[in-house]
Amino acid sequence: MKLSLFFVLCSLSLLMLGACHVKTPHESVLANKFTKPNIVIFYVDDLGFGDLSAYGATAVSTPNIDNLAKNGLRFTDAHSTAATCTPSRYSLLTGEYAFRKGIRILRGDAAMAIDPTQATLPKLLQKNGYQTAVVGKWHLGLGDGKGQIDWNKAITPGPLEIGFDYSFLIPSTGDRVPSVYLENRHVVNLDPSDPLYVNYTKKIGSRPTGYENPELLRQGADMQHDKTIINGISRIGWMQGGKSAEWVDEDFHTIKTDKAKTFISDNADNPFFLYFSFHDIHVPRLPNKMFQGATDMGMRGDAIVQVDWMTGQIVDHLKALGLLENTLIIFSSDNGAVLTDGYDDDALELVGSHKPNGPFRGGKYSAFEAGTRVPFIVHYPKKVKPGVSDALFGQIDLYASIATLLTSELASTEAIDSENHLATLFSANSEGRQTLIEETPFNLSLRDRHWKYIQATNNRASFVKENKNIEAGVAVFPQLYDLNSDIGELNNLAPMMPARIAEMESKLLAIKSK
Ligand code: NG6
Ligand code: CA
(Lines give C-alpha, C1' and ligand atoms only; values in the text may rest on other atoms or scores of the structure.)
(Ligands and ions follow the chains in the order given, each with its own letter.)
Protein backbone atom coordinates (compact mmCIF):
# COMPACT_ATOMS: atom_id res chain seq x y z
CA MET A 1 0.00 0.00 0.00
CA LYS A 2 2.66 2.45 1.13
CA LEU A 3 4.80 1.46 -1.83
CA SER A 4 2.06 2.11 -4.42
CA LEU A 5 1.38 5.55 -2.93
CA PHE A 6 5.10 6.28 -3.31
CA PHE A 7 4.97 5.31 -6.99
CA VAL A 8 1.90 7.45 -7.59
CA LEU A 9 3.58 10.48 -6.01
CA CYS A 10 6.77 9.87 -7.97
CA SER A 11 4.99 9.58 -11.29
CA LEU A 12 2.93 12.66 -10.50
CA SER A 13 5.97 14.78 -9.76
CA LEU A 14 7.78 13.44 -12.82
CA LEU A 15 4.76 14.32 -14.92
CA MET A 16 4.68 17.82 -13.46
CA LEU A 17 8.38 18.33 -14.08
CA GLY A 18 8.08 17.04 -17.62
CA ALA A 19 5.04 19.17 -18.29
CA CYS A 20 6.57 22.51 -17.39
CA HIS A 21 10.27 21.78 -18.19
CA VAL A 22 11.41 23.83 -15.21
CA LYS A 23 14.67 22.91 -13.51
CA THR A 24 14.31 22.59 -9.76
CA PRO A 25 16.85 24.62 -7.76
CA HIS A 26 18.48 21.34 -6.79
CA GLU A 27 18.94 20.35 -10.44
CA SER A 28 20.44 23.75 -11.24
CA VAL A 29 22.94 23.41 -8.44
CA LEU A 30 23.82 19.93 -9.63
CA ALA A 31 24.48 21.29 -13.10
CA ASN A 32 26.85 23.92 -11.73
CA LYS A 33 28.54 21.37 -9.49
CA PHE A 34 29.93 19.44 -12.40
CA THR A 35 30.83 22.18 -14.85
CA LYS A 36 33.45 24.97 -14.71
CA PRO A 37 34.53 25.79 -11.19
CA ASN A 38 33.22 28.87 -9.49
CA ILE A 39 36.02 31.18 -8.45
CA VAL A 40 36.07 33.22 -5.25
CA ILE A 41 38.98 35.48 -4.38
CA PHE A 42 38.97 36.62 -0.76
CA TYR A 43 41.26 39.64 -0.76
CA VAL A 44 42.05 41.03 2.68
CA ASP A 45 43.52 44.50 3.10
CA ASP A 46 46.86 44.80 4.93
CA LEU A 47 46.76 41.30 6.44
CA GLY A 48 50.30 40.19 7.29
CA PHE A 49 51.97 36.80 6.91
CA GLY A 50 51.76 36.16 10.66
CA ASP A 51 48.20 37.38 11.27
CA LEU A 52 46.32 34.06 10.99
CA SER A 53 46.41 31.08 13.31
CA ALA A 54 46.94 28.94 10.18
CA TYR A 55 50.25 30.81 9.85
CA GLY A 56 51.28 30.43 13.48
CA ALA A 57 49.48 33.29 15.24
CA THR A 58 48.42 32.46 18.79
CA ALA A 59 47.06 35.83 19.93
CA VAL A 60 44.20 35.56 17.44
CA SER A 61 42.18 32.57 16.35
CA THR A 62 40.89 32.24 12.76
CA PRO A 63 39.16 28.84 12.61
CA ASN A 64 37.25 29.43 9.36
CA ILE A 65 40.32 30.47 7.41
CA ASP A 66 42.36 27.73 9.12
CA ASN A 67 39.85 25.23 7.78
CA LEU A 68 40.47 26.45 4.24
CA ALA A 69 44.20 26.02 4.88
CA LYS A 70 43.78 22.58 6.45
CA ASN A 71 41.71 21.31 3.54
CA GLY A 72 43.63 23.21 0.90
CA LEU A 73 47.10 24.35 -0.05
CA ARG A 74 48.83 26.85 2.23
CA PHE A 75 51.68 28.79 0.64
CA THR A 76 54.71 30.10 2.52
CA ASP A 77 56.35 32.07 -0.32
CA ALA A 78 53.45 33.64 -2.21
CA HIS A 79 53.37 37.36 -2.94
CA SER A 80 51.09 40.23 -3.66
CA THR A 81 52.56 42.06 -6.64
CA ALA A 82 53.24 45.23 -4.68
CA ALA A 83 53.61 46.38 -1.09
CA THR A 84 50.60 48.70 -1.39
CA CYS A 85 47.00 48.34 -2.39
CA THR A 86 46.29 50.00 -5.75
CA PRO A 87 49.27 48.50 -7.62
CA SER A 88 48.58 45.01 -6.20
CA ARG A 89 44.93 45.15 -7.22
CA TYR A 90 45.79 46.54 -10.64
CA SER A 91 48.14 43.60 -11.24
CA LEU A 92 45.69 41.03 -9.88
CA LEU A 93 43.00 42.14 -12.33
CA THR A 94 45.21 42.85 -15.37
CA GLY A 95 48.17 40.46 -15.11
CA GLU A 96 50.45 43.43 -15.74
CA TYR A 97 52.98 45.06 -13.41
CA ALA A 98 51.62 48.39 -12.16
CA PHE A 99 54.98 50.14 -12.54
CA ARG A 100 54.58 49.92 -16.32
CA LYS A 101 51.86 52.56 -16.07
CA GLY A 102 53.28 54.36 -13.02
CA ILE A 103 50.30 53.35 -10.89
CA ARG A 104 50.50 54.38 -7.24
CA ILE A 105 48.14 54.53 -4.24
CA LEU A 106 45.17 56.53 -5.55
CA ARG A 107 43.30 59.45 -4.12
CA GLY A 108 39.59 58.89 -3.43
CA ASP A 109 38.59 61.05 -6.41
CA ALA A 110 41.08 59.56 -8.89
CA ALA A 111 40.18 58.39 -12.39
CA MET A 112 40.06 54.69 -13.14
CA ALA A 113 43.51 53.09 -13.30
CA ILE A 114 42.35 50.32 -15.64
CA ASP A 115 41.43 51.42 -19.13
CA PRO A 116 38.11 49.95 -20.31
CA THR A 117 39.83 48.76 -23.48
CA GLN A 118 42.34 46.72 -21.46
CA ALA A 119 42.12 42.96 -21.05
CA THR A 120 41.14 41.94 -17.52
CA LEU A 121 40.61 38.79 -15.49
CA PRO A 122 36.85 39.43 -15.07
CA LYS A 123 36.52 39.98 -18.84
CA LEU A 124 38.30 36.68 -19.45
CA LEU A 125 35.82 35.00 -17.13
CA GLN A 126 32.83 36.68 -18.76
CA LYS A 127 34.10 35.39 -22.11
CA ASN A 128 34.09 31.91 -20.61
CA GLY A 129 30.47 32.10 -19.49
CA TYR A 130 30.94 33.39 -15.94
CA GLN A 131 28.83 35.88 -14.05
CA THR A 132 31.26 38.20 -12.32
CA ALA A 133 31.04 40.44 -9.26
CA VAL A 134 33.20 42.62 -7.09
CA VAL A 135 32.04 43.27 -3.54
CA GLY A 136 34.04 45.52 -1.20
CA LYS A 137 37.01 47.82 -1.44
CA TRP A 138 37.80 49.08 -4.93
CA HIS A 139 40.60 51.70 -4.79
CA LEU A 140 41.26 51.47 -8.52
CA GLY A 141 39.71 54.82 -9.39
CA LEU A 142 36.44 55.69 -11.13
CA GLY A 143 35.47 57.79 -14.12
CA ASP A 144 37.48 58.78 -17.15
CA GLY A 145 39.46 61.61 -15.54
CA LYS A 146 37.89 64.23 -17.80
CA GLY A 147 36.72 66.54 -15.05
CA GLN A 148 35.68 65.66 -11.51
CA ILE A 149 33.60 62.63 -10.65
CA ASP A 150 29.95 63.63 -10.27
CA TRP A 151 28.80 61.39 -7.42
CA ASN A 152 25.16 62.32 -8.04
CA LYS A 153 24.94 60.77 -11.47
CA ALA A 154 25.77 57.42 -13.01
CA ILE A 155 29.54 57.01 -12.56
CA THR A 156 31.32 55.51 -15.49
CA PRO A 157 33.69 53.94 -16.36
CA GLY A 158 33.84 51.71 -13.32
CA PRO A 159 33.95 47.97 -12.59
CA LEU A 160 31.08 47.29 -15.02
CA GLU A 161 33.22 48.62 -17.88
CA ILE A 162 36.13 46.29 -17.13
CA GLY A 163 34.32 42.97 -16.88
CA PHE A 164 32.18 42.90 -13.76
CA ASP A 165 28.45 42.20 -14.13
CA TYR A 166 27.75 43.46 -10.63
CA SER A 167 29.57 45.67 -8.18
CA PHE A 168 28.99 46.82 -4.63
CA LEU A 169 31.84 49.03 -3.55
CA ILE A 170 33.61 51.02 -0.99
CA PRO A 171 34.71 53.32 -3.82
CA SER A 172 38.23 53.95 -2.53
CA THR A 173 39.29 53.02 1.02
CA GLY A 174 37.67 53.21 4.44
CA ASP A 175 39.86 56.18 5.34
CA ARG A 176 39.07 58.20 2.20
CA VAL A 177 35.91 60.11 1.32
CA PRO A 178 33.30 59.65 -0.02
CA SER A 179 32.22 57.38 2.85
CA VAL A 180 29.30 55.91 0.92
CA TYR A 181 28.59 52.68 -0.95
CA LEU A 182 28.44 52.54 -4.71
CA GLU A 183 26.20 49.84 -6.22
CA ASN A 184 26.89 49.42 -9.90
CA ARG A 185 27.03 53.01 -11.13
CA HIS A 186 25.16 54.78 -8.34
CA VAL A 187 25.73 55.92 -4.78
CA VAL A 188 23.38 53.91 -2.55
CA ASN A 189 20.62 55.77 -0.63
CA LEU A 190 21.54 59.17 -2.01
CA ASP A 191 18.86 61.81 -1.48
CA PRO A 192 18.73 64.06 -4.58
CA SER A 193 17.85 67.03 -2.39
CA ASP A 194 21.17 66.64 -0.56
CA PRO A 195 23.76 66.14 -3.32
CA LEU A 196 27.17 64.68 -2.55
CA TYR A 197 30.43 66.51 -3.26
CA VAL A 198 34.01 65.51 -2.59
CA ASN A 199 37.16 67.59 -2.56
CA TYR A 200 40.75 66.57 -1.91
CA THR A 201 42.36 70.00 -1.91
CA LYS A 202 40.14 72.28 0.14
CA LYS A 203 37.36 72.18 2.68
CA ILE A 204 33.84 72.05 1.35
CA GLY A 205 30.58 71.90 3.30
CA SER A 206 30.03 72.45 6.99
CA ARG A 207 30.66 69.02 8.49
CA PRO A 208 33.19 69.15 11.31
CA THR A 209 36.75 68.05 10.58
CA GLY A 210 39.35 66.30 12.71
CA TYR A 211 41.71 69.29 12.61
CA GLU A 212 39.02 71.75 13.75
CA ASN A 213 37.12 69.55 16.19
CA PRO A 214 39.43 66.81 17.47
CA GLU A 215 37.20 66.49 20.56
CA LEU A 216 34.55 64.85 18.33
CA LEU A 217 36.82 61.99 17.28
CA ARG A 218 36.54 58.41 18.44
CA GLN A 219 40.13 57.77 17.27
CA GLY A 220 42.84 60.42 17.04
CA ALA A 221 44.23 60.87 13.52
CA ASP A 222 47.40 62.16 11.84
CA MET A 223 47.51 65.13 9.45
CA GLN A 224 46.59 63.04 6.40
CA HIS A 225 43.51 61.58 8.05
CA ASP A 226 42.10 64.62 9.87
CA LYS A 227 39.58 66.00 7.37
CA THR A 228 35.79 65.45 7.27
CA ILE A 229 34.39 63.49 10.22
CA ILE A 230 32.02 60.67 9.30
CA ASN A 231 30.71 58.33 11.98
CA GLY A 232 33.07 59.87 14.57
CA ILE A 233 36.17 59.22 12.43
CA SER A 234 38.01 61.86 10.41
CA ARG A 235 39.00 60.80 6.89
CA ILE A 236 41.39 61.75 4.09
CA GLY A 237 39.57 64.43 2.04
CA TRP A 238 36.47 66.58 2.51
CA MET A 239 32.89 65.55 1.86
CA GLN A 240 29.75 67.68 1.62
CA GLY A 241 26.12 66.50 1.46
CA GLY A 242 25.10 62.90 0.88
CA LYS A 243 24.13 62.51 4.54
CA SER A 244 21.56 59.73 3.93
CA ALA A 245 24.16 57.71 2.00
CA GLU A 246 26.88 57.68 4.68
CA TRP A 247 28.08 54.25 5.66
CA VAL A 248 28.43 52.98 9.21
CA ASP A 249 31.81 51.27 9.40
CA GLU A 250 30.59 48.84 12.07
CA ASP A 251 28.04 47.43 9.61
CA PHE A 252 30.51 46.48 6.87
CA HIS A 253 30.61 42.87 8.03
CA THR A 254 26.96 42.06 7.34
CA ILE A 255 26.32 44.47 4.47
CA LYS A 256 29.12 43.10 2.33
CA THR A 257 28.65 39.48 3.35
CA ASP A 258 24.95 39.66 2.48
CA LYS A 259 25.70 41.14 -0.96
CA ALA A 260 28.14 38.32 -1.64
CA LYS A 261 25.69 35.66 -0.47
CA THR A 262 22.93 37.08 -2.66
CA PHE A 263 25.22 37.11 -5.68
CA ILE A 264 26.19 33.47 -5.02
CA SER A 265 22.55 32.37 -4.57
CA ASP A 266 21.50 34.20 -7.73
CA ASN A 267 24.19 32.40 -9.70
CA ALA A 268 24.06 28.95 -8.15
CA ASP A 269 23.16 27.46 -11.53
CA ASN A 270 25.94 29.00 -13.60
CA PRO A 271 29.65 29.50 -13.07
CA PHE A 272 30.49 32.68 -11.18
CA PHE A 273 33.50 34.73 -10.18
CA LEU A 274 33.38 36.71 -6.95
CA TYR A 275 36.16 39.13 -6.09
CA PHE A 276 35.42 39.70 -2.40
CA SER A 277 37.54 42.57 -1.28
CA PHE A 278 37.56 43.23 2.47
CA HIS A 279 37.93 46.67 3.99
CA ASP A 280 39.49 44.98 7.05
CA ILE A 281 42.07 45.10 8.45
CA HIS A 282 42.89 48.48 6.94
CA VAL A 283 42.46 51.63 9.00
CA PRO A 284 40.16 52.92 10.37
CA ARG A 285 39.68 49.66 12.25
CA LEU A 286 36.11 49.57 13.52
CA PRO A 287 34.95 45.97 13.81
CA ASN A 288 31.37 45.36 14.85
CA LYS A 289 30.73 45.02 18.58
CA MET A 290 30.17 41.30 17.99
CA PHE A 291 33.95 41.06 17.62
CA GLN A 292 35.17 43.76 19.98
CA GLY A 293 37.22 42.17 22.75
CA ALA A 294 37.64 38.90 20.84
CA THR A 295 41.41 39.36 21.18
CA ASP A 296 43.70 41.21 23.57
CA MET A 297 45.09 43.17 20.65
CA GLY A 298 42.33 45.76 20.41
CA MET A 299 40.67 46.82 17.17
CA ARG A 300 43.31 45.36 14.84
CA GLY A 301 43.14 41.86 16.35
CA ASP A 302 39.35 42.02 16.54
CA ALA A 303 39.18 43.07 12.87
CA ILE A 304 41.06 39.86 11.99
CA VAL A 305 38.38 37.88 13.84
CA GLN A 306 35.76 39.78 11.83
CA VAL A 307 37.52 38.78 8.59
CA ASP A 308 37.44 35.17 9.75
CA TRP A 309 33.71 35.38 10.53
CA MET A 310 32.89 36.91 7.15
CA THR A 311 34.94 34.26 5.36
CA GLY A 312 33.12 31.55 7.32
CA GLN A 313 29.72 33.00 6.43
CA ILE A 314 30.46 32.93 2.71
CA VAL A 315 32.12 29.50 2.76
CA ASP A 316 29.17 28.09 4.74
CA HIS A 317 26.81 29.58 2.19
CA LEU A 318 28.69 27.87 -0.65
CA LYS A 319 28.52 24.65 1.31
CA ALA A 320 24.80 24.96 2.04
CA LEU A 321 24.16 25.39 -1.69
CA GLY A 322 26.28 22.35 -2.51
CA LEU A 323 28.81 24.51 -4.35
CA LEU A 324 31.90 24.25 -2.18
CA GLU A 325 33.41 21.18 -3.86
CA ASN A 326 33.50 22.85 -7.24
CA THR A 327 34.59 26.29 -6.12
CA LEU A 328 38.18 27.43 -6.42
CA ILE A 329 38.77 29.67 -3.41
CA ILE A 330 41.84 31.86 -3.16
CA PHE A 331 42.42 33.60 0.15
CA SER A 332 45.12 36.28 0.30
CA SER A 333 46.07 39.88 1.12
CA ASP A 334 47.00 42.93 -0.96
CA ASN A 335 50.17 43.78 0.97
CA GLY A 336 51.91 43.13 4.27
CA ALA A 337 50.92 44.27 7.73
CA VAL A 338 51.11 47.73 9.25
CA LEU A 339 50.20 48.64 12.81
CA THR A 340 50.14 52.44 12.83
CA ASP A 341 48.65 53.79 9.59
CA GLY A 342 47.12 57.12 10.52
CA TYR A 343 44.81 56.57 13.50
CA ASP A 344 45.33 56.10 17.22
CA ASP A 345 43.72 52.68 17.58
CA ASP A 346 46.38 51.25 19.92
CA ALA A 347 47.39 48.54 17.43
CA LEU A 348 51.05 49.07 18.28
CA GLU A 349 50.53 49.41 22.02
CA LEU A 350 48.45 46.21 22.26
CA VAL A 351 50.30 43.96 19.83
CA GLY A 352 52.17 42.14 22.62
CA SER A 353 54.22 39.22 21.33
CA HIS A 354 52.12 38.84 18.15
CA LYS A 355 54.22 39.06 14.98
CA PRO A 356 51.94 40.50 12.25
CA ASN A 357 54.55 39.83 9.58
CA GLY A 358 55.71 36.50 10.93
CA PRO A 359 59.49 36.05 10.62
CA PHE A 360 59.87 38.66 7.87
CA ARG A 361 61.44 42.11 8.01
CA GLY A 362 59.57 45.30 6.99
CA GLY A 363 55.82 45.47 6.43
CA LYS A 364 53.35 47.30 4.20
CA TYR A 365 55.17 49.80 1.91
CA SER A 366 58.50 48.00 2.46
CA ALA A 367 60.97 46.45 0.03
CA PHE A 368 61.80 43.79 2.60
CA GLU A 369 59.91 40.51 2.31
CA ALA A 370 57.05 41.49 4.62
CA GLY A 371 55.93 44.06 2.03
CA THR A 372 54.56 41.43 -0.31
CA ARG A 373 54.94 37.98 1.27
CA VAL A 374 51.41 37.39 2.51
CA PRO A 375 49.09 34.55 3.47
CA PHE A 376 47.94 32.66 0.39
CA ILE A 377 45.58 29.71 0.57
CA VAL A 378 44.04 27.70 -2.26
CA HIS A 379 40.95 25.63 -1.50
CA TYR A 380 39.37 23.53 -4.21
CA PRO A 381 38.34 20.10 -2.91
CA LYS A 382 37.74 18.72 -6.38
CA LYS A 383 41.31 19.31 -7.57
CA VAL A 384 43.62 20.43 -4.78
CA LYS A 385 45.20 18.00 -2.35
CA PRO A 386 45.74 19.51 1.10
CA GLY A 387 49.30 20.46 1.90
CA VAL A 388 51.87 23.20 2.35
CA SER A 389 53.70 24.70 -0.60
CA ASP A 390 57.03 26.52 -0.33
CA ALA A 391 57.00 27.39 -4.04
CA LEU A 392 57.59 30.97 -5.16
CA PHE A 393 54.23 32.22 -6.42
CA GLY A 394 52.84 35.63 -7.39
CA GLN A 395 49.24 36.79 -7.37
CA ILE A 396 49.97 38.25 -10.79
CA ASP A 397 49.95 34.65 -12.07
CA LEU A 398 46.34 34.00 -11.18
CA TYR A 399 45.26 35.51 -14.52
CA ALA A 400 47.26 33.17 -16.80
CA SER A 401 46.76 30.17 -14.49
CA ILE A 402 42.98 30.62 -14.51
CA ALA A 403 43.08 31.01 -18.31
CA THR A 404 44.88 27.65 -18.48
CA LEU A 405 42.34 26.09 -16.14
CA LEU A 406 39.61 27.18 -18.55
CA THR A 407 41.70 26.24 -21.60
CA SER A 408 41.25 29.80 -22.78
CA GLU A 409 44.03 31.25 -24.94
CA LEU A 410 45.46 34.64 -24.08
CA ALA A 411 46.28 37.23 -26.74
CA SER A 412 49.97 38.15 -26.94
CA THR A 413 49.23 41.62 -25.55
CA GLU A 414 47.09 40.26 -22.71
CA ALA A 415 48.31 39.92 -19.10
CA ILE A 416 51.91 40.26 -20.26
CA ASP A 417 53.48 39.69 -16.85
CA SER A 418 51.27 36.79 -15.82
CA GLU A 419 52.74 33.29 -16.07
CA ASN A 420 50.77 30.09 -16.07
CA HIS A 421 51.55 28.28 -12.81
CA LEU A 422 48.38 26.24 -12.52
CA ALA A 423 50.37 23.19 -11.42
CA THR A 424 51.85 25.22 -8.55
CA LEU A 425 48.46 26.57 -7.63
CA PHE A 426 47.04 23.07 -7.35
CA SER A 427 49.90 20.97 -6.00
CA ALA A 428 52.58 21.22 -3.33
CA ASN A 429 55.01 19.34 -5.56
CA SER A 430 55.55 22.05 -8.10
CA GLU A 431 58.43 24.52 -8.17
CA GLY A 432 56.68 27.76 -9.04
CA ARG A 433 58.29 30.88 -10.39
CA GLN A 434 62.00 31.28 -11.09
CA THR A 435 61.94 35.05 -10.75
CA LEU A 436 59.45 37.52 -9.31
CA ILE A 437 59.36 41.29 -9.04
CA GLU A 438 58.35 42.88 -5.75
CA GLU A 439 57.22 46.49 -6.12
CA THR A 440 57.19 49.35 -3.59
CA PRO A 441 56.35 53.02 -4.12
CA PHE A 442 60.14 53.67 -4.15
CA ASN A 443 61.91 50.90 -6.06
CA LEU A 444 61.78 47.36 -7.35
CA SER A 445 63.25 44.15 -5.99
CA LEU A 446 63.86 40.88 -7.73
CA ARG A 447 63.52 37.42 -6.30
CA ASP A 448 65.49 34.76 -8.14
CA ARG A 449 64.50 31.65 -6.23
CA HIS A 450 66.05 32.16 -2.77
CA TRP A 451 68.04 35.25 -3.75
CA LYS A 452 66.57 38.66 -3.08
CA TYR A 453 67.98 41.77 -4.72
CA ILE A 454 66.73 45.22 -3.70
CA GLN A 455 67.53 48.05 -6.10
CA ALA A 456 69.36 51.07 -4.75
CA THR A 457 67.31 54.27 -4.62
CA ASN A 458 67.77 57.86 -3.53
CA ASN A 459 64.19 57.94 -2.27
CA ARG A 460 64.45 58.02 1.50
CA ALA A 461 60.89 56.79 1.94
CA SER A 462 60.73 59.03 4.97
CA PHE A 463 56.95 58.82 5.49
CA VAL A 464 57.25 55.07 6.02
CA LYS A 465 60.02 55.42 8.56
CA GLU A 466 58.60 58.43 10.33
CA ASN A 467 54.83 57.83 10.28
CA LYS A 468 54.38 54.10 9.97
CA ASN A 469 57.09 52.71 12.23
CA ILE A 470 58.14 50.36 9.43
CA GLU A 471 61.56 49.83 7.87
CA ALA A 472 61.12 50.79 4.22
CA GLY A 473 63.99 48.52 3.23
CA VAL A 474 65.42 51.10 0.83
CA ALA A 475 69.02 52.32 0.68
CA VAL A 476 71.27 54.31 -1.64
CA PHE A 477 73.26 51.12 -2.17
CA PRO A 478 72.04 47.77 -3.55
CA GLN A 479 71.08 44.96 -1.19
CA LEU A 480 71.32 41.22 -1.66
CA TYR A 481 70.02 38.57 0.70
CA ASP A 482 70.12 34.79 0.66
CA LEU A 483 66.70 33.89 2.05
CA ASN A 484 67.73 30.26 2.51
CA SER A 485 70.07 31.19 5.32
CA ASP A 486 68.79 34.68 6.16
CA ILE A 487 64.99 34.82 6.14
CA GLY A 488 65.06 38.10 8.12
CA GLU A 489 67.18 39.94 5.50
CA LEU A 490 69.80 41.03 8.03
CA ASN A 491 73.02 40.22 6.23
CA ASN A 492 73.53 42.28 3.06
CA LEU A 493 75.78 40.22 0.77
CA ALA A 494 75.93 42.84 -2.00
CA PRO A 495 79.47 44.07 -1.27
CA MET A 496 80.74 40.47 -1.46
CA MET A 497 78.84 39.40 -4.57
CA PRO A 498 79.07 42.09 -7.28
CA ALA A 499 78.66 39.54 -10.09
CA ARG A 500 75.33 38.30 -8.73
CA ILE A 501 74.15 41.88 -8.26
CA ALA A 502 75.01 42.66 -11.89
CA GLU A 503 73.22 39.53 -13.08
CA MET A 504 70.09 40.26 -11.08
CA GLU A 505 70.04 43.91 -12.13
CA SER A 506 70.20 42.89 -15.77
CA LYS A 507 67.40 40.32 -15.27
CA LEU A 508 65.31 43.04 -13.66
CA LEU A 509 65.98 45.46 -16.53
CA ALA A 510 65.06 42.77 -19.05
CA ILE A 511 61.68 42.25 -17.36
CA LYS A 512 61.15 46.03 -17.11
CA SER A 513 61.81 46.58 -20.80
CA LYS A 514 59.61 43.68 -21.92
C1 NG6 B 1 48.33 56.19 2.39
C2 NG6 B 1 47.74 56.55 3.73
C3 NG6 B 1 47.45 55.29 4.51
C4 NG6 B 1 46.65 54.31 3.68
C5 NG6 B 1 47.34 54.10 2.36
C6 NG6 B 1 46.59 53.21 1.46
C7 NG6 B 1 48.84 58.57 4.42
C8 NG6 B 1 50.08 59.12 5.03
N9 NG6 B 1 48.75 57.28 4.44
O10 NG6 B 1 48.48 57.35 1.62
O11 NG6 B 1 46.78 55.56 5.71
O12 NG6 B 1 45.36 54.80 3.47
O13 NG6 B 1 47.51 55.31 1.70
O14 NG6 B 1 46.67 51.93 1.93
O15 NG6 B 1 47.98 59.27 3.94
S16 NG6 B 1 46.47 50.81 0.91
O17 NG6 B 1 46.49 49.57 1.65
O18 NG6 B 1 45.19 51.08 0.31
O19 NG6 B 1 47.60 50.88 -0.03
CA1 CA C 1 46.35 47.36 1.51
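A salt bridge is taken here as a side-chain nitrogen of Lys or Arg lying within 4 Å of a carboxyl oxygen of Asp or Glu. In this predicted model, that rule gives a count of 35 salt bridges. A few of them are described below.

Glutamate 96 is buried, at a relative accessible area of 12%, whereas lysine 101 is partly exposed, at 48%.

A salt bridge also joins the side chains of arginine 107 and aspartate 109, with N and O 3.0 Å apart.

Glutamate 419 sits in the loop between α8 (398-405) and α9 (422-426), and arginine 433 in the loop between α9 and β17 (435-439), so the pair ties together parts that are 14 residues apart in sequence. Glutamate 419 is partly exposed, with a relative accessible area of 31%; arginine 433, by contrast, is buried, at 3%.

Beyond these pairs, salt bridges also link residues into a network, whose members are Asp77, Glu369, Arg373, Glu438, Arg447, Lys452 and Glu489.

Conventions
Residues are numbered from 1 along each chain as its sequence is written. Chains are lettered from A and ligands numbered from 1 in the order in which they are written. This is a predicted model: local features need pLDDT of at least 70, side-chain atom pairs count only at pLDDT 80 or more; totals for chains, interfaces and linings use all residues. Side-chain values use heavy atoms; hydrogens and water are left out. Buried means under 20% relative accessible area, exposed over 50%, partly exposed in between (1.4 Å probe, protein chains only). Helices (H or I, at least four residues) and strands (E, at least two) are DSSP runs, numbered from the N terminus.
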